Each structure stands twice: as C-alpha cells, then as structure tokens.
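I opened the model to look up a few helices and loops. My notes follow in the order I made them.

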Amino acid sequence: LASGIGGASVASLWTEVNRCGQNGDFTRALKALTKILHENRDDVTALHCKVVCLIQNGSFKEALNVMNTHAKVLSSEVVFEKAYCEYRLNRVESSLKTIEGAPEQTDKLKELYGQVLYRLERYDECKSVYTDLIRNSQDEYEEERKTNLAAVVATMSQWEKAPMEDLGLPESTYELCYNAACALIGQGQLTEALNKLRQAEELCRVSLADDSDQNVFDSKKKVKLTSAEGVEYKLAKKQLQAIDFNKALLAMYTNQADQCRKLSSSLQSQNPGHPRPVLIQVAQLCREKQHSRAIELLQQFSDQNPESASGIKLTMAQLYLVQGHVTKACDVLRSIEEFKHKAGMISALVTMYSHEEDIDSAIDVFKQAIEHYQSEQPGSAAHLALVREAANFKLKYGRKKEAISDLEQLWKQNTNDVHTLAQLISAYSLVDTDKAKSLSKHLPSADTMSFNVDVDELENSHGATYVRKKAAKVVGESLPKEQGQDEIKKKKKKKKGKLPKNYDPKATPDPERWLPMRERSYYRGKKKGKKKEQIGKGTQGATAGASAELDASKTASSPPTSPRPGSASGSSAAPASVVPPRQQKPSASGATRKKAPQKKKKGGKGGW
C-alpha cells in the first residue's frame, strides 16, 4: 500500500516538475525534485533536472556540488552544465579542460567553447569556432552567433591591430552595426566609424522603443552596472580600463570636479604612459577656465612621454588657438613628427600662417614637406600635388621668383602641360626675360590650339543666346543649285529715323534744337497767367493755399539756407520763379528722344 501510494505520489511530483519547468518556476520545481530524490537518491533524470533548475536560479556553486557529489551516476550526462558553471564562476581554465575532455563536441559545447576562448583572449581560435558554427547551424540563434563573431573581429581590429576581414556579416541590428563601427575604429577609419555608430544608435532607439525603461542612454545608471560584484571577472583588461576612464569622464560631465580629479589621478598612476588620464584632467581644468594650468600638464606629459605625445600636442595646439596664440599653436603642430608631413597638417599650418600674414613661414612649411616627399616618394601623386599647391600659393602672394623652381619641376614631369608652362613663362618674365622668350618657343602654335568647333551646332544649341534662323523653303522650289553659282545675300534694310510733325525739308534746322528750351538764347520764360490749383502738393487733403502758408521758404523773413540746384557756386541765390533744369540724358545722334510722362506718386510729391 505504501509503495503504491509512493508510486502515485512520484508520478504526480513529475507532473508538478514538468508544469513548473514550462512556467519558469524553478524554485517550486526544486521542491518537487527534492521529494523525488528522497525516494530515489540516484535518479539520474531527477539529478539532471535539479542541476538545471539550480543553474536557472543562478546557484552555480550548488549545482557544481551536486554534479561533483554524484559524478559516478551522472558521468558524461552533465558535461555542458559542469563547464557552464565553471565558466560562470570565472574558473575559465577549468571550463576549458572540461570542454576539451568531453566525449562528444555537441553544438552547445561549441557555443560555450567560443565564449571561453573569447574570455581567454584567444581571438583567432574563437573566430574559427564561430565561423564553423554559423556555417553548420540552422536555428533561431544565427543572429546571436553573427553578433559574437562581429565582436571577435572588432576586438582583433582594435586590440591586436589585425587587418579587418570581410566575413559578409550583416549590419541589420544595433549590436552588429556597433561591432562593425568598433572594427573600423581599430583600422583608423574614424569618419566611417562615426557614421556606423550613428546608424547603430538609431537602430537601438527603434529596437528599444517599446522597452519599459525609456531612458536607455542614461549613463549614470549604466555605469552602476559595471560596479556589480563579479563583473571584473567577465571583462577583458582593456574593457575594465575603458570602464574606469568612463567613470572619470562621467564625474566630469556631472560636475563632480573633486571626484573626477581623484579618479583621473588614480588612472594616471596606474597607467603612467597613457595619455587619456591626463586629457581628462586637462578637460576638467578647461571647464574651470584654467587653460594655462592645462597647458602646463600637457607640456609635462609631452616631455616625459615623447613617444605617445601626438594626441597631447594636438590638444595643446587647440588650447593655444582658443587663447588666440596662433603662432604658438603652429610651433606645437610642427613638432609632431608623426603628422608633420600629412596633407591635413600642411593645410592647417599654411592656413594659420596665412591668417597671421606670415607668408614666409607658410612657404617654409611647403618647402620642408616637398623635401620630405622628394626623398621618400619622389614623383608620386602626393608629391606632385604638394608642389602644385606650393606653386599656386606663391603665385597668389606675388612670390613669382620663388614659384619658378616648383613650376619647372611640374613642367618637366609633363611637358604637354600648357597651363603650367604659361605660369612659368609669366614668372620668368619678371626675373629673366631671355629665359621667358626661350620657353615661349615651347608653346603650341595657334593652329594646334584651334578647336574643331561646329559653329552651326553651337549656335543652335540649347544654351545659345542668339540662334540664327534658317530661311524657310518655298513650296515647289526644289531644283538643285548649279555648281559655281554664288548665293545672293539680301541686304538688311536700313530703318529711317522718325521726323518731327512740323518738319520742313526746305527750312534750315534750328542750331539750338539739341538744347533744353530754357537754355536757348531766345527763351523768355513762361507766360504769366492764372495759376492752376496744384493737386497732390504737400500732405493728402491739403489745399494749395494751406500748403503755401506752411512753407517757410515762401516767407520774406526766411532766407535760403543753401544754393538751389542749378545756381552757380558762390553766386547769389537764383530767383524764386526760376525752375532748376531737368537732368537730361544725352540723346543718340541722328534721333530724338521723347520724355515719357511720369506718374505721380499717390499721396506724395509729384515726380518729374
């Protein structure tokens, strides 16, 4: 009876375990499994289920104890679980031995093997494991495997400076896109990496849009996760270092100046040759407007660590520019041997020296760079481009004599370059006229420089301002022209000028007809008569009488303050009745001009 009751009880307990496993209630499942194992201490299935439940609850040490206690019974049943618990307990070397000693390398063991190799920083082997898994697996975890492989590629690119291998990985998720950006950073392709990071950020925003934690980029909350217990065992040394740097930066951006100084000083003592702790300290000083102290720190590090001072010197130059010390910035930039002859550095130096109107120093920058390329890469595209820029710069600032050597070098490289030859002749014309004449012989003749242009096609083109119209064909006139017959050109009819209405061909024209009426010798002024009421003079609605009363110039007691237009300078003022002459436009010869009637401005004074 007892066994029967016990048998029925065990069956119901297994039903409970199955139900709890499906619901994810592993704590309740463990209670049922404990009762089952009380009936049969060496039940392999029950022991295996207990190990899995303990792992799901994060009790890795207890799970490992169960496996070690029942090692003979479980034997190879729980190889993966044992290796996983060792991995999670940061016993990475033990986990590796367990995996390598397994009787069969299953897919899940291979997955764990890849993780273990990554933790051990054996990236090349790790890459091979993931490549093989992706090639031979077809399940719902393919994207995760590709993400891990992308992380391996990025790590090798960044920390081992290995050349980036194109494995055909997609960039459809923010993790994949982010890893691709990290790989580009390792290769020094910063512009492309920045674009990838922006894409990854946007993909992350979209994928986490429905997440309950909307503030996904809250760095202060994120950094707390890196301080959790056991995190240091899961991360590589480089990652731990990066976290420490980020903590110092976060302290700076949250205005915790003392905390920032404390963290950055500690980082500097731990990494004496690393420039970043110093740069963080300098950034904090700049936030406090202590630029001079910041430059002192940079100079000190530069003197002590010349081999890693490139970034430090660039920062020094930037700070000098902020303070307006352009020449000092140039001196610092020219001391960076690593970047001294880079195109971007040459451009920056020339621009800054030009701003300071120090043309000699700018030319000296070109000179040193050209000498460098002359010895390292003579005749290369970069070398010739630099010579071309130097020549153009010297010509721009009137240094034709100094441009001659550069132009000669360019012309010798390509004697068919007519533009350079013309520049060279122009430069020599001010220095050595004989040399200029001799070089002129190399210029191509007018015939060789003529272009085969179809004039008719050019005139009829879309952009032509004038199009010559072709004569229309007359119906029925289709007879071919006889050979030798010259075409008769129609003369354009000369348009006759218009004559005055009272024109008398027998009368002698008035010799003063070109002068304005009031300037002619026989002009006697206008006839006195009844003045018409002037409409539109003065303000709107005002009558002529009212406006006259308000006009101070009409009163006898107010003398004119300045000569009126038309009166001779220095002479007495012209009589009030005289109207100043109109500004006449010179008329074309052989024709008369009519003055178009002017419209009066509404509400204002009438125009001429």
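Which residue caps the N-terminal end of helix 3? I found that aspartate 43 does, with a side-chain oxygen 3.1 Å from the backbone nitrogen of threonine 45. I count a polar contact as a pair of N or O atoms within 3.5 Å; within protein, one must be able to donate a hydrogen and the other to accept it, and residues adjacent in sequence count only if both atoms are side-chain atoms.

Ground rules: this is a predicted model, in which local features need pLDDT of at least 70 and side-chain atom pairs count only at pLDDT 80 or more, while totals for chains, interfaces and linings use all residues. Residues are numbered from 1 along each chain as its sequence is written, and side-chain values use heavy atoms, with hydrogens and water left out.

**Helix 3**

I took helices as DSSP runs of H or I with at least four residues, numbered from the N terminus. Helix 3 covers residues 44–56. Its 13 residues reach 18 Å from first C-alpha to last, close to the 18 Å expected at 1.5 Å a residue; the expected span is 1.5 Å times one less than the number of residues. I listed Ala46, Leu47, Lys50, Val51, Cys53, Leu54 and Ile55 as buried in helix 3. Buried means under 20% relative accessible area, exposed over 50%, and partly exposed in between, with a 1.4 Å probe and protein chains only. Just after helix 3, I noted glycine 58 with a positive phi of about 80°.

**Two loop residues**

Most residues other than glycine have a negative phi. I found glutamate 121 with a positive phi near 65°, in the loop between helix 8 and helix 9. Asparagine 255 also has a positive phi, near 60°, and lies in the loop between helix 14 and helix 15. Is each one buried or exposed? Glutamate 121 is partly exposed because its relative accessible area is 37%, and asparagine 255 counts as exposed because its value is 62%.

**Two serines**

I looked up serine 302 in helix 17 (residues 291–304). Serine 302 is buried because its relative accessible area is 7%. Leaving out residues up to four places away in sequence, serine 302 touches Ala309, Ile312 and Lys313; contact means heavy atoms within 4.5 Å. Serine 265 sits in helix 15 (residues 257–270) and is partly exposed, at 39%. Between serine 265 and valine 278 I noted 13 residues in sequence and 8.1 Å in space, C-alpha to C-alpha.
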